[in-house]
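Morning, everyone. I have a few slides on one structure, and I will go through it piece by piece.

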Amino acid sequence: FNSSAVDKRRDSLASMCDERARMLQDQFNVSMNHLQALAILVNTFHHSQSPSAITQATFARYAERTAFERPLTSGVAYAVRVTHAERDQFERQQGWSIKKMYSSPNSQGPGDAAVAEIRGTADEYAPVIFAQDAYKNVISFDMLSGADDRENIIRARESGKGVLTAPFQLLNGRLGVILTYSVYKSEPPANARPQERIQAAVGYLGGIFDIEALVDKLLHQLAGKQSIMVNVYDTTNEKPISMYGSNDTGSGMYHNSTLNFGDPSRRHEMHCRFMQKP
Ligand code: WA2
């Protein structure tokens with residue numbers, strides 16, 4: 001086995017991996033842009049009209065009919081900001097009460113100090129009021145009551161950008177990541193301070209990315225799918241979290257393609273290997 005054959009094999013692995021990474025990144029980006037458009041739609045027809053022109057039924061129908069625009073998402077949900085003072089009236093209007101996401105007190109600890117402080121001083125909730133049908137079970141759950149969702153909401157409203165969670169287990173038991181855009185009463189200027197953004201926030205639009213199922217579907221559309229194995233990781237922290245794939249233990253050559261999912265505070269990598277030895 002001469003060195004030029006090894007080089008060729010390495011080049012071929014690199015180009016296949018880069019192609020898959022680029023494709024995943026593009027589909028992610030397309031999905032992200034449409035979530036931002038959906039956040040604007042909610043702002044326009046729910047928050048800027050009185051009475052609101054959106055109901056759960058019309059939201060679910062619109063989300064379903066435009067799902068093809070968000071190829072990596074399995075659903076969307078919208079949570080509205082409710083202060084403690086507004087809670088009783090809000091619950092009476094909705095006909096349901098705001099629920100905590102995880103009933104066991106040990107299942108999701110009370111986050112870090114920054115989060116605890118916001119909870120203590122702001123005393124507010126983010127119950128889901130609209131959801132695509134696949135996720136209508138999350139309606140009425142307070143998205144500030146789960147550590148991953150809460151951190152995402154807080155980062156989204158401070159930044160005005162789309163922000164991403166690490167992969168975590170969703171209420172439906174599946175592994176997923178959530179991309180959140182904040183909705184503002186009136187759009188703060190591009191240079192607005194975080195405090196101005198926090199004050200102007202009225203709700204949070206989330207896209208639910210079912211990475212396992214949807215990445216699999218995407219990769220199966222590509223030629224040569226049997227020849228390489230693909231793993232995707234969130235490498236933000238020291239210990240990478242697997243987002244896709246399970247079998248990254250093989251020896252021999254592998255290629256690492258970087259992925260950019262648009263949230264500068266998260267890092268992702270795609271690792272590829274050949275299935276068969278040469
Ligand atoms: N949506 C669906 N299932 C979940 C979940 C979630 N969050 N969190 C845990 N399981 C409304 O960022 C705002 C959606 C959160 C958006």
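The cover over the buried residues of helix H2 includes helix H1 (3-47), strand E1 (73-80), strand E4 and strand E8 (201-209). Keep in mind that this is a predicted model.

Which residues of H2 are buried? H2 runs over residues 56-65, and Phe59, Ala60 and Ala63 are buried there. They span an arc of only 95° around the axis, so they sit on the same side of H2. On the face turned away from that buried side, H2 carries Ala57, Arg61 and Arg65, which are exposed.

Next, glutamine 132. Where does it lie? Glutamine 132 is in the loop between strand E4 (128-131) and helix H5 (147-159). Is this glutamine buried or exposed? The cut-off for buried is under 20% relative accessible area, and glutamine 132 has 5% relative accessibility, so it counts as buried. Leaving aside neighbours within four places in sequence, its contacts are Phe59, Ala63, Glu64, Ala67, Arg70, Gly75 and Val76.

Last, leucine 164, which belongs to strand E5 (residues 163-164). Its relative accessibility is 0%, so leucine 164 also counts as buried. Not counting residues up to four places away in sequence, leucine 164 touches Phe28, Asn152, Arg155, Val177, Ile178, Leu179, Phe261, Asp263, Arg266 and His268. As for glycine 206, 42 residues separate it from leucine 164 in sequence, and the C-alpha to C-alpha distance is 9.5 Å.

That is the end of my slides.

Conventions. Residues numbered from 1 in each chain as written. Predicted model: local features only at pLDDT ≥ 70, side-chain atom pairs only at ≥ 80, totals over all residues. Heavy atoms only, no water. Helix = DSSP H or I, 4+ residues; strand = E, 2+ residues; numbered from the N terminus. Buried < 20%, exposed > 50% of the residue type's maximum accessible area, 1.4 Å probe, protein only. Contact = heavy atoms within 4.5 Å. Arc of directions from axis to C-beta.
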